[in-house]
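Please look over the sequence and the 3D structure shown here before reading the briefing that follows.

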Amino acid sequence: MTAYAIAHIRPETMNEDILRYIEEIQPTMEPFGGRFLVHGAEVEVLEGPFPGTLVMVGFPDIEQARAWYASPAYQALVPLRADHIEGTVVLVEGVPADYDARRTAAALREAAGL
């Protein structure tokens with residue numbers, strides 16, 4: 001099942017470390033089947049506050065996403081980003097092709113006794 005690395009970042013000022021991070025991240029993802037899905041796009045906020053921007057990387061599965069994040073190649077780049085950009089980074093598994101939110105709601109309803 002597809003998995004995603006999602007970063008909600010709030011960059012302050014562009015500098016050499018951030019540019020180097022952007023220049024060097026792609027090769028760290030490729031061995032794990034990672035590819036950018038969202039990167040540098042304008043965020044259209046419809047509800048609630050959302051300062052900053054969003055980055056999404058897709059991976060074949062959660063194991064590949066975890067392996068990429070823990071890889072020595074990526075970990076060597078992390079300080080270039082983390083030392084200069086405030087943000088949150090998460091890994092999350094997607095849903096299967098046959099996912100139906102109604103089944104989830106029914107299970108939640110049952111668990112809550114509603």
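**The largest pocket and its surroundings**

Strand β1 gives the most to the lining of the largest pocket, with five residues. The model is a predicted one, in which local features need pLDDT of at least 70 and side-chain atom pairs count only at pLDDT 80 or more, while totals for chains, interfaces and linings use all residues. Residues are numbered from 1 along each chain as its sequence is written, and side-chain values use heavy atoms, with hydrogens and water left out. Helices (H or I, at least four residues) and strands (E, at least two) are DSSP runs, numbered from the N terminus.

**Pocket**

- The largest pocket holds about 360 Å³ of space, and of the 21 residues that line this pocket, the closest to its centre are Ile-9, Tyr-21, His-39, Val-55 and Arg-81.
- On a 1 Å grid over the protein atoms alone, a pocket is an open set of points where a 1.4 Å probe fits, with protein on both sides within 12 Å along at least five of seven lines, and lining residues have an atom within 4 Å of a point.
- Grid points are joined across faces, edges and corners, and a volume is the space filled by probe spheres set on the points.
- At least two residues of the lining come from each of β1 (3–11), α1 (16–29), β3 (53–59), α3 (72–82) and β4.
- By class, the lining has 17 nonpolar, three polar and one charged residues, where Ala, Val, Leu, Ile, Met, Phe, Trp, Tyr, Cys and Pro count as nonpolar, Asp, Glu, Lys and Arg as charged, and the others, Gly among them, as polar.

**Arg-81 in helix α3**

- Arg-81, which is placed in helix α3, is buried yet has no salt bridge, and the nearest side chain of opposite charge, Asp-83, is 8.8 Å away.
- Buried means under 20% relative accessible area, exposed means over 50%, and partly exposed lies in between (1.4 Å probe, protein chains only).
- For charge, Lys and Arg count as positive and Asp and Glu as negative, whereas His and the chain ends are not counted.
- The side chain of Arg-81 makes a polar contact with the side chain of Tyr-21 at 3.3 Å, a polar contact being a pair of N or O atoms within 3.5 Å, of which, within protein, one must be able to donate a hydrogen and the other to accept it, and residues adjacent in sequence count only if both atoms are side-chain atoms.

**Salt bridges**

- A search of the whole structure finds three salt bridges, each defined as a side-chain nitrogen of Lys or Arg within 4 Å of a carboxyl oxygen of Asp or Glu.
- Arg-10 and Glu-86 form a salt bridge whose closest N and O atoms are 3.6 Å apart; Arg-10 lies in strand β1 and Glu-86 in strand β4, so the pair ties together parts that are 76 residues apart in sequence.
- Arg-10 counts as buried at 19% relative accessibility, whereas Glu-86 is exposed at 51%.
- Arg-20 forms a salt bridge with Glu-24, with the closest N and O atoms 3.0 Å apart, and because these residues are four apart in helix α1, about one helical turn separates them.
- In the pair formed by Arg-102 and Asp-100, the closest N and O atoms are 2.6 Å apart, and Arg-102 is exposed, with a relative accessible area of 65%.
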